Amino acid sequence: MDESEVQYQFGVLVTGPSGSGKSTFCNGLSQFFEAIKRKHIIVNLDPANESIQYKPTIDIQELVSLDDVMRETDLGPNGGLVYCFDFLLKNITWLDSKLEQYPDSFIIIDCPGQTELFVGNESFVAILRHLTQKDTGFRLSPVILELFDSHYCYDPAKFISVCLYSLQTMVNLNLPQINVLSKIDLWKQYGPLPNKIEFFTNLQGFPHIMYLFEEDNPAFSKRFFELNKKVVEMVEKYSMVQFYPLDINDKISMSYLVMMFDKSSGYFFHQGIQDEDPEVAEIRKAIHDGDYLFWSDYIVGLQEKYQSFDDDEDFFPRDEEEKADEP
């Protein structure tokens, strides 16, 4: 088929480990889209999702469910999940026919929380490649939204693991990806972060996290210090991983994230600015015009709202060479 004849469907694949708030986010994003009058559908691609907070337009459990697979094959939860996606791949025309019924709708896909599917399962990757490369007239142009519980920021070892996993997913899936720190509204309950928010969003000076690692658990860090140091150096070398802090209850926070994945997927350039909400439209237009002060103001606002630090506070010990470089 000629490339000019391909019709694109835009959407997001919401991924991340269990407990990161994927279903809550899909439900919140759907409500946000209703408020700005954007046509959309939600696809539940988790055959084990038993507590769906929304009504899916397309549900994989209509084709195959984990409970049925485990009962009929005697497989465990992980093996059963792999079987489900092998089965979906063999019956991919079922998903194609469902999606083609909504050519003008933005697609929200709620994915399973088993992270190994995105880095080690050939069937899931093959399904994504089919959806994004098929030449049947409808081709999905998605953005990966990978959610992580922002509580990981309080544990340097876990945050290093999150960064490594984010990098691995970005390389393996080879699709536009936005890494999201979810549930930041709970930061007030968790207490002060070990560093400013910018450190965890932009990863500037990321190797300094090793200081936190040493202070957090000296015995553990001594044993695995070199391993974690190498992981940190690799993440720093690729310079691909950043995080967006999301408060799902905040209109500004949701608006900025929507603008980010609209531009990454191509939806913004295909549809233009069509949102009816004046505040949302203003944010979208400002970002499109290159007003990146919105980002810095947003981070400063989060810092003031959820954390309080002295701008001159020094978080990490510095050696004499670093101090000598200061003006």
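The structure is a predicted model, in which local features need pLDDT of at least 70 and side-chain atom pairs count only at pLDDT 80 or more, while totals for chains, interfaces and linings use all residues. Residues are numbered from 1 along each chain as its sequence is written, and side-chain values use heavy atoms, with hydrogens and water left out. The protein has 16 helices and 7 strands, where helices (H or I, at least four residues) and strands (E, at least two) are DSSP runs numbered from the N terminus. Of its 327 residues, 50% count as buried; buried means under 20% relative accessible area, exposed over 50%, and partly exposed in between (1.4 Å probe, protein chains only). Among contacts between residues at least 6 apart in sequence, 76% join residues at least 24 apart, a contact being heavy atoms within 4.5 Å.

**Sheet and packed helices**

- The strands of an open sheet of 7 follow the order E3-E2-E4-E1-E5-E6-E7, with parallel pairing; two strands pair if DSSP finds at least two bridges between them.
- Strand E3 (58-59) and strand E7 (244-245) stand at the edges with a single partner strand each, so one side of each lacks a neighbour in the sheet.
- Strand E2 (residues 40-44) runs parallel to E3 and is joined to E3 by 2 bridges; valine 43 stands opposite isoleucine 58 in E3.
- Helix H6 (residues 122-133) packs on the sheet, where it touches strand E1 (7-15) and strand E5 (138-149), and its direction makes about 135° with that of E5.
- For such angles, axes are lines fitted to C-alpha atoms, for helices over the stretch in contact, and the angles run from 0 to 180 degrees between N-to-C directions.
- Helix H7 lies across E5 and strand E6 (177-182), running at about 170° to E5.
- In helix H4 (residues 92-99), the buried residues are Ile92, Trp94, Leu95, Asp96 and Leu99.
- These buried residues of H4 pack against E1, E2, E3, helix H3 (77-90), E4 and H6.

**Nonpolar core**

- In soluble globular proteins, nonpolar side chains tend to be buried together.
- The largest nonpolar core holds 88 residues, of which Phe206 and Phe261 touch the most other members.
- Helix H7 (residues 156-173) gives the largest share of this core, 8 residues.
- A nonpolar core is a set of buried Ala, Val, Leu, Ile, Met, Phe, Trp, Tyr and Cys residues joined through side-chain atoms within 4.5 Å.
- Leaving aside neighbours within four places in sequence, phenylalanine 206 is in contact with Phe159, Ile160, Cys163, Phe199, Val232, Val235 and Glu236.

**Aromatic pairs and a charge over a ring**

- Rings of Phe, Tyr and Trp (its six-membered ring) pair if their centres lie within 6.5 Å; planes under 30 degrees apart count as stacked, over 60 as edge-to-face and the rest as tilted.
- By this rule there are 13 aromatic pairs.
- Phenylalanine 106 and tyrosine 267 form an edge-to-face pair, at 5.4 Å centre to centre with 90° between the planes.
- This pair links distant parts of the chain, with phenylalanine 106 in strand E4 (residues 106-110) and tyrosine 267 in helix H13 (residues 267-271), 161 residues apart.
- Phenylalanine 106 is buried, at a relative accessible area of 1%, and tyrosine 267 counts as buried at 10% relative accessibility.
- The ring centres of phenylalanine 199 and phenylalanine 200 are 5.2 Å apart and their planes lie at 90°, so this pair is edge-to-face.
- Phenylalanine 199 counts as buried at 6% relative accessibility, as does phenylalanine 200 at 2%.
- A cluster linked by ring pairs comprises Phe148, Phe159, Tyr165, Phe199, Phe200, Phe206 and Phe243.
- The charged end of arginine 38 sits over the ring of phenylalanine 106, 5.2 Å from its centre; the criterion is NZ of Lys or CZ of Arg within 6 Å of the ring centre and within 35 degrees of the ring normal.

**Loop residues**

- Aspartate 74, although not a glycine, has a positive phi of about 65°.
- Aspartate 74 lies in the loop between helix H2 (66-73) and H3 and is exposed, with a relative accessible area of 71%.
- Leucine 203, also not a glycine, has a positive phi of about 55°.
- Leucine 203 is placed in the loop between helix H9 (197-202) and helix H10 (209-216) and counts as buried at 6% relative accessibility.
- Histidine 151 lies in the loop between E5 and H7 and is partly exposed, with a relative accessible area of 38%.
- The C-alpha atoms of histidine 151 and leucine 186 are separated by 8.4 Å, although these residues are 35 apart along the chain.
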